[in-house]
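Thank you for asking me to look over this model. My comments are set out as numbered points, and they are meant to be read with the coordinates open.

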Amino acid sequence: LPAASLQDIDALGLLYGLAAAAGVAGLSVFGGRAAAAVGAARANAMAFSLVGICWIGVQVPQGVPALTTEPRNLIWGAAVGVFGTIGPFVLFAWGTARLGPEAGAVDISLEPVFGAVIAWLWLGQSLTAMQATGVALVVVGVVCVERDASPPRTDRKSTRLNSSHLGI
């Protein structure tokens, strides 16, 4: 953003940014609650089933996707689906159910950082000074938020209040 001119910023882009932020917040809150209620794997299976049904509705009018016409594509598509999509979402929901949506929302911001590091190490891509600064700022922000998080109270009174508040 700092490298862009103000003419390159438009209302639609800002709307997409706000929608993405709302999506991450919703994923953190509702994903953590669903995982706590029915388990991370089941919550994600239900969510991915719903999204899959919606995606079929979008895809049908467009015809058969190229992914399904070659077996090699199916294997790679399944690998990306399991290891790059379903696995991380299950782990995210599992962690958010245990640590809370705040921790999940903060820690998910590390996703682009890991993407940049993997692209640098594995694919030999380089980062511009602006991108490296962004990576550093995200890491510093996550460390500050995690460090400044108030530690849970452990005295009997607060434990009783917290347990009764949670319905335990």
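1. Basis of the comments. This is a predicted model, in which local features need pLDDT of at least 70 and side-chain atom pairs count only at pLDDT 80 or more, while totals for chains, interfaces and linings use all residues. Residues are numbered from 1 along each chain as its sequence is written, and side-chain values use heavy atoms, with hydrogens and water left out.

2. Confidence. The protein chain has an average pLDDT (the predictor's confidence in each residue, from 0 to 100) of 78, and 85% of the residues score at least 70. The pLDDT is below 50 over residues 153-168, a stretch with four contacts in the model beyond near neighbours in sequence, where contact means heavy atoms within 4.5 Å.

3. Overall make-up. The protein chain has seven helices and zero strands; these are DSSP runs, H or I of at least four residues for helices and E of at least two for strands, numbered from the N terminus. Of the contacts with a separation of 6 or more, 69% are accounted for by residues 24 or more positions apart.

4. Surface and burial. Buried residues make up 14% of the 168 residues in the protein chain, where buried means under 20% relative accessible area, exposed over 50% and partly exposed in between (1.4 Å probe, protein chains only). The chain exposes about 12,900 Å², of which carbon and sulfur atoms supply 71%; these areas come from the Shrake-Rupley method with a 1.4 Å probe, and for residues only the protein chains shown count as cover.

5. Helix α2. This helix (residues 40-59) has 20 residues and reaches 28 Å from its first C-alpha to its last, close to the 28 Å expected at 1.5 Å a residue, the expected span being 1.5 Å times one less than the number of residues. Its buried residues are Ala 40, Ala 43, Asn 44 and Gln 59. Seen down the axis, they fall within an arc of 130 degrees, so they line one face of α2; the arc is that of the directions from the helix axis to the C-beta atoms. What covers them includes α1 (11-38) and α3 (71-99), whereas Arg 42, Leu 50, Ile 53 and Ile 56 are exposed on the other side.

6. Helix α5. The 13 residues of this helix (residues 111-123) should span 18 Å, and its end C-alpha atoms are 17 Å apart, which agrees. Val 113, Ala 116 and Ala 119 are the buried residues of α5. They cover an arc of only 130 degrees around the axis, which puts them on the same side of α5. The face turned away from that buried side carries the exposed residues Glu 111, Phe 114, Leu 121 and Trp 122. Just after α5, Gly 124 takes a positive phi of about 70 degrees.

7. Ile 108 lies in the loop between α4 (101-107) and α5. Leaving aside residues up to four places away in sequence, Ile 108 touches Val 24, Leu 27 and Phe 92. Ile 108 and Val 24 are 84 residues apart along the chain, yet their C-alpha atoms are separated by 8.1 Å.

8. Cysteines. A search of the whole structure finds zero disulfides, a disulfide being a pair of cysteine sulfur atoms within 2.5 Å. Cys 54 is partly exposed, with a relative accessible area of 49%, and Cys 144 also counts as partly exposed, at 31% relative accessibility.
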